[in-house]
Structures are given as structure tokens and as C-alpha cells.
Amino acid sequence: MAPLWPRTARKDDDGVLQVGGRDVASLAQEFGTPAYLLDEEDFRARCRDFKAGFAGADVYYAGKAFLCRAIVRILVEEEMNLDVCSGGELATALAAGMDPARLALHGNNKSVRELTRAVEAGVGRIVVDSFDEIERLSAIARERGVRPRVMIRVTVGVEAHTHEFIATAHEDQKFGFSLAGGKAFEAARLILEQDTLELRGLHSHIGSQIFDTSGFEVSARRVLTLQERIRTELGAELPELDLGGGFGIAYTSQDTPSPAGDLAERMFKIVADECRGLGIAQPHLSVEPGRAIVGPSTFTLYEVGTVKPLDGLRTYVSVDGGMSDNIRTALYDASYSATLASRASQAEPILARVVGKHCEAGDVVVKDEFLPADVRPGDLIAVPGTGAYCRSMASNYNHVPRPPVVAVRDGQARVIVRRETEDDLLALDVG
């Protein structure tokens with residue numbers, strides 16, 4: 001079933017989807033639907049793939065894709081680093097026992113409270129994003145008599161081939177210091193002159209769901225050219241370079257992601273070639289895969305509630321979740337796949353649209369998919385590739401409680417994020 005599905009996913013002779021040695025029918029009975037089902041062995045294997053492929057570099061799991069304490073503990077066991085981009089993500093990492101020295105803190109508007117907590121905890125690197133932040137962080141460091149390690153996020157003007165809202169390196173956006181406008185160089189000058197922060201290197205992130213490494217090549221060339229200018233004009237040889245993440249995964253059969261080892265080989269070559277051309281020492285490389293690790297490890301399991309054929313168009317298959325557990329289709333016009341997961345069918349395929357239960361016409365989970373013509377209420381539908389940015393962006397639209405995350409491995413299943421209840425919703429309503 002690869003590459004759309006987790007590595008242990010397969011269908012048995014009765015057409016029932018299996019993952020981690022469990023069938024989805026029994027999982028649905030035990031944990032209910034909708035539910036995110038995470039193949040723990042797949043998640044761990046992808047961590048190992050990136051660590052092996054990028055041997056000699058630092059691999060930071062991008063926690064924004066999906067984070068909870070169980071995931072942090074797995075990252076610790078797999079000796080992964082972790083980047084976080086909010087106080088809540090930092091709190092989760094620390095609560096689950098992540099070594100603060102293996103943490104990186106991102107964010108375009110870090111509060112004084114967030115920066116203070118990061119400094120006091122001993123976070124390994126803080127990726128600074130504005131002159132205001134440099135001022136805030138310098139004051140915190142001076143007051144506490146410490147010298148935090150920082151990297152400068154550089155906006156390199158490379159627009160990755162992806163959706164406009166998730167392309168994050170072109171100039172007209174909120175992240176980073178402009179390279180073309182000279183702001184990134186001025187940030188380096190300011191940090192080096194103040195001597196309250198330890199400048200370790202430059203950081204670039206060019207977008208998400210990227211399949212072509214040519215964008216990384218242009219990005220590396222531009223950011224390393226800045227690094228060479230910093231060495232020449234400011235006398236500082238920066239020892240590190242972070243090229244971010246954004247590596248694509250397969251959401252449909254049309255997507256062709258590269259294995260971690262292939263990505264690593266190409267990116268190491270890009271950096272080596274650019275450094276050779278500029279005549280500078282090769283910095284220690286870091287990358288930040290998030291989606292590429294957790295995305296394929298998880299699928300969402302739904303139960304069909306209604307089936308509504310529209311003559312001459314398509315059949316609408318309504319499930320018991322929707323845009324509250326997967327906003328990406330509505331927000332990014334993202335494409336997903338789906339399969340009948342609870343039984344085999346010999347019926348002819350029909351063009352279907354899998355939609356949710358919310359009071360919103362744009363509540364679409366899978367825009368177009370061929371499902372058996374006999375799909376009916378009570379069937380289970382599985383949608384792969386939902387590990388990244390689904391639970392982490394989930395909402396309570398229409399006061400619908402968010403689904404649980406269930407980790408499955410070697411025939412055992414455990415809840416790592418429990419299902420919300422109506423009592424949870426009402427507990428926040430103090431009116």
C-alpha cells in the first residue's frame with residue numbers, strides 16, 4: 001500500500017485494513033471514530049531513516065507537524081532533536097523529558113515570557129526572526145548573565161513549488177530577515193557587536209511539501225553567500241547552517257517523494273559545491289523534517305453516515321468527522337486519498353467526494369476518489385497521510401470534540417492523545 005500508507009498497513013483477505021498488527025474494525029470498536037491511527041513502528045523507522053541519511057548533520061523533528069508527550073518520548077528514545085515554535089510546544093517538550101540542549105525555538109513573534117523560559121531552560125538554539133526579538137533576547141540574556149546560542153532566519157527570496165500559503169521564503173511574508181534588503185546582514189552585525197548572544201549560523205526555510213531540491217540549491221547558494229560576506233566584513237566564521245525542512249510526502253498516487261537518503265545525498269552535495277565555489281569552510285548542516293516523518297505514519301479512520309448520489313456528478317459520502325479534524329483540504333485545497341477499510345467489495349468504482357458533518361459547504365475531506373458503488377452507512381473509510389497538520393490544526397468547529405490519537409505497534413494499541421468530550425468543551429465555557 002506504500003507510499004501513501006504506513007509501512008505496516010495492509011488489507012487482509014476480507015479487505016479489512018490492518019495496521020501495527022491490529023485491524024481497523026476492532027480499533028474502531030475499542031476507540032471509536034473518527035480517530036487518528038499512528039503506526040508507531042513507521043514513525044520510528046522514519047526517524048531512523050533521516051538520522052541515517054543525514055549522518056554527520058543534525059536532524060530536528062519539526063514539532064508543529066504533530067506533537068504530544070508520547071511523541072517527544074519516542075524522539076528521545078530515537079535520539080532525535082526537536083524544534084518548537086510556541087510556549088505550548090516548548091512546555092510539552094520539557095514535560096516529556098527532552099534535553100533542552102536538543103531543542104530549537106522558532107517563531108516570528110516570540111513573547112518575552114517564551115524567550116525567558118527558553119533561556120532559563122537552556123534551549124540549545126533560538127532562531128531569531130526580528131530586530132525586536134534580538135533586543136528582547138539580549139535584555140533577557142544580559143539580566144541573567146548567560147549567552148544563548150542563536151541563528152538568524154534569513155528570507156532568501158526562493159518561492160518553493162507549493163501552495164501560496166505554505167511557501168515561506170519569498171520576500172512578501174512575515175518570517176525572517178530579508179536577504180535582498182540587507183536586513184539579514186544587519187542582524188548579524190548587531191548580534192556580533194552586542195556580544196550578548198552567540199551567533200551560531202544562518203537558517204533558511206523555503207516552504208512545505210517540496211519534491212524538487214533545486215529550491216534548496218538556490219537557497220543554499222544565497223545564504224552561504226551571506227555567510228561568506230559575514231566572514232569577510234565582520235570577521236566571523238559561522239559554524240552552522242540550517243536549511244529547514246518542507247520535504248514532501250505522498251498524499252495521492254501522483255506524488256513522488258524522495259527517500260531520506262536521496263534527499264541527504266543531494267543536499268550534502270549542494271552545500272559542499274557552494275562552499276567550494278565560495279572558498280569557505282563547510283558549516284555543520286541541520287535539517288528539520290516534520291511532515292516527512294509523521295505525515296505518512298498516520299491515517300484517519302471514519303465511519304460513513306450517509307451516502308448521497310448526485311446524478312451525473314458524483315456521490316457524496318458523509319463521514320463522522322470533517323474539517324474540524326482535517327482543515328487542510330479547505331485551507332490549502334489539499335488533495336487526499338481514501339479507501340474502504342472495513343470490508344472487501346466487488347462493486348464497480350464510482351466517483352465519490354468524502355465530506356464531513358459540519359455546517360459548511362467547504363467541509364470536504366477528499367475532493368475526488370473512486371470508492372465502491374456499494375459504499376453504505378456503517379462502512380469504515382480510511383484517509384492516509386493525516387499525521388501532519390491535522391490533529392495539530394484541529395478545531396472544535398460546531399462544538400465537535402477533537403478525535404483521539406491512537407498509537408499502534410506489534411498488536412498493541414494505546415491512546416496517546418485522548419478523545420475530547422462534551423464535558424471538555426463545557427469546562428472552558430465559564431459563562
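**Around Ala 260**

Reply: Ala 260 touches Asp 49, Phe 50 and Phe 54, leaving aside residues up to four places away in sequence; contact means heavy atoms within 4.5 Å. This is a predicted model, in which local features need pLDDT of at least 70, side-chain atom pairs count only at pLDDT 80 or more, and totals for chains, interfaces and linings use all residues. Residues are numbered from 1 along each chain as its sequence is written, and side-chain values use heavy atoms, with hydrogens and water left out.

Me: Is Ala 260 buried or exposed?

Reply: Ala 260 is buried, as its relative accessible area is 9%. Buried means under 20% relative accessible area, exposed over 50%, and partly exposed in between, with a 1.4 Å probe and protein chains only.

Me: And how far is Ala 260 from Arg 48?

Reply: In sequence they are 212 residues apart, while their C-alpha atoms lie 9.6 Å apart in space.

Me: Which helix holds Ala 260?

Reply: Ala 260 belongs to helix H9. Helices (H or I, at least four residues) and strands (E, at least two) are DSSP runs, numbered from the N terminus.

Me: How do H8 and H9 meet? What is the crossing angle?

Reply: The axes of H8 (residues 214–234) and H9 (residues 260–278) come within 9 Å and cross at roughly 40 degrees. Axes are lines fitted to C-alpha atoms, for helices over the stretch in contact, and angles run from 0 to 180 degrees between N-to-C directions. Residues making the contact include Phe 216, Ala 220 and Leu 224 of H8, and Met 267, Ile 270 and Val 271 of H9.

Me: Changing topic: how many helices and strands are there in the chain?

Reply: The chain has twelve helices and 21 strands. Along its principal axes, its C-alpha trace spans about 70 × 50 × 40 Å. Of the 431 residues, 54% count as buried.

Me: What about phi at Glu 79?

Reply: Glu 79 is not a glycine, yet has a positive phi of about 60 degrees. Glu 79 lies in the loop between helix H3 (69–77) and strand E6 (81–84), and counts as partly exposed at 48% relative accessibility.
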